[in-house]
Amino acid sequence: MISLIEHFQHYRRSLDEDTDSYLRSLPAGNFKRCFQDNEEKPCCSINIKEDVSGAKTYEIETSYFIGVDRIRGLGRSIIVEPKINTVDSEVNVFAMLFEALSDYENFKHLDGLYDINFDSEPIIVHQKNDVLTPFLLIQFVQTLAALVKKGLKKSYYRTTQNLESKIKGKILVKDQINKNVLKNNKTKTFCEFEVFGFDTAQNQFLKYVLKFVKVNLNKYPVELRAAISDVFNFIQPAFGNVSDCSFTKFSTREKNPFYSEYNHLFEVGNLILKIQGFNTSNKVALKRKIPPHWIDMSMLFELYVFKKLRDIFPLKNEAIYHRKFLGGKETDIIITSDNFECVVDCKYKPRYANLDPSLEDYRQLAGYCRMKSVYKILGKPFSEVIKGLIIYSDQNAALDIKKEDLFKSNAYEYVDFFKIGIKLPEK
């Protein structure tokens, strides 16, 4: 397996002796994998060149995606880790997701966060390199916690009982004969009838998947276990009246928009069961089989920053995530709070701690700040300059954002453009 770092550009230098020798043995060509088959979102690219003398060089480039995959023709699997990982520290992707999903508003924006390929053979990785399974489990448990706060859905469901001295619904003749008449239970009647309650197939499926959370609690990083255990302990009592049933998948959809969380939980729950199907052994293994997958770290960073901004701007529409405009334009975040109106661009680029943002990023943000639709949202006259703010990842910055710090650091040579760093949680 070839191990790479996310958002890493490597030109004509060896990674290590074994990998270098292997890549130079391959024929010249470009080996590439794109996120959701979108050519504009390359996850990893390896370009092998050969000069007239037959000498080979290679160029490797990864983008804002982490994951494990096979690239056609390459012959080896590739694993891409978060770029801020060092010998002494490692970005805690799980803590980022857990934090982001502690805000219910982010449940509306999870589409496109990951790309999983179940059509390809699973890849064997070390347990510690299995980011996908705990990633999905955290997503499941946080979404389920939001549903439990709202309340599980009650529905009518059919049940059978051997009733004492009464009849309800329909008598099941075959069961009545076998279980009562032949056994001389003269006062009992075996009936099937409808009940209104929580013990529905939908809730039974959620309870079944929830078991995997409990089983896998000890596999989470130490600093996350307590938080996840607290959420699990909050959720579990809600399923006290729900029967234990087994599932391989769940296909029913919830049509009531008030309970939209169910459909997301069914989707994530089915993914968890599929992955679990690759690892049916009861033995404690150091390796796991997982499907090829990619996680969009730039999107996860946006969700993480949005949650942090929602902490200081909690009112409705004080912080607006990914508002779409005509022409395919889409802002990251718009802050509408009095005295803090601005357009926020989230950049998962640690180098901005020491360097000024690129001209391309400034132009993108400037374009958003000059849109008439943005002026309308903020209620500003066209004669007023709207502030632009770039929030970037910086492991030397604070874990939280404060209002008073938003406009402290002026961007070089630009009017009303600012930048601020935020530290990502570490393992």
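Is Cys342 buried or exposed? Cys342 is buried, at 0% relative accessible area. Buried stands for under 20% relative accessible area, exposed for over 50%, and partly exposed for what lies in between (1.4 Å probe, protein chains only).

1. Basis. This is a predicted model, in which local features need pLDDT of at least 70, side-chain atom pairs count only at pLDDT 80 or more, and totals for chains, interfaces and linings use all residues. Residues are numbered from 1 along each chain as its sequence is written, and side-chain values use heavy atoms, with hydrogens and water left out.

2. Cysteines. The whole structure was searched for disulfides (pairs of cysteine sulfur atoms within 2.5 Å), and the search finds zero. Cys44 is in no disulfide; its nearest cysteine sulfur, in Cys43, is 8.2 Å away. Cys44 is also buried, with 1% relative accessible area. For Cys342, the closest cysteine sulfur belongs to Cys369. That distance is 8.0 Å, too far for a bond.

3. Three-stranded sheet. The order is β10-β12-β11 in an open sheet, and the pairing is antiparallel. The edge strands are β10 (155-164) and β11 (170-171). Each has a single partner strand, so one side of each has no neighbour in the sheet. Strands (E, at least two residues) and helices (H or I, at least four residues) are DSSP runs, numbered from the N terminus. Two strands count as paired if DSSP finds at least two bridges between them.

4. Strand β11 pairs with β12 (residues 188-197) in the antiparallel sense, over two bridges. Ile171 is opposite Cys191 of β12.

5. Helix on the sheet. Helix α4 (residues 173-181) lies across β10, β11 and β12. Contact here means heavy atoms within 4.5 Å. The helix runs at about 125 degrees to β12. Axes are lines fitted to C-alpha atoms, for helices over the stretch in contact, and angles run from 0 to 180 degrees between N-to-C directions.

6. Asp37. This residue is not glycine, yet its phi is positive, near 60 degrees. Asp37 sits in the loop between β3 (29-34) and β4 (42-50). Asp37 is exposed, with a relative accessible area of 67%.

7. His322. Here too a residue other than glycine has a positive phi, near 45 degrees. The loop that holds His322 runs between β15 (319-321) and β16 (333-335). His322 counts as partly exposed, at 23% relative accessibility.
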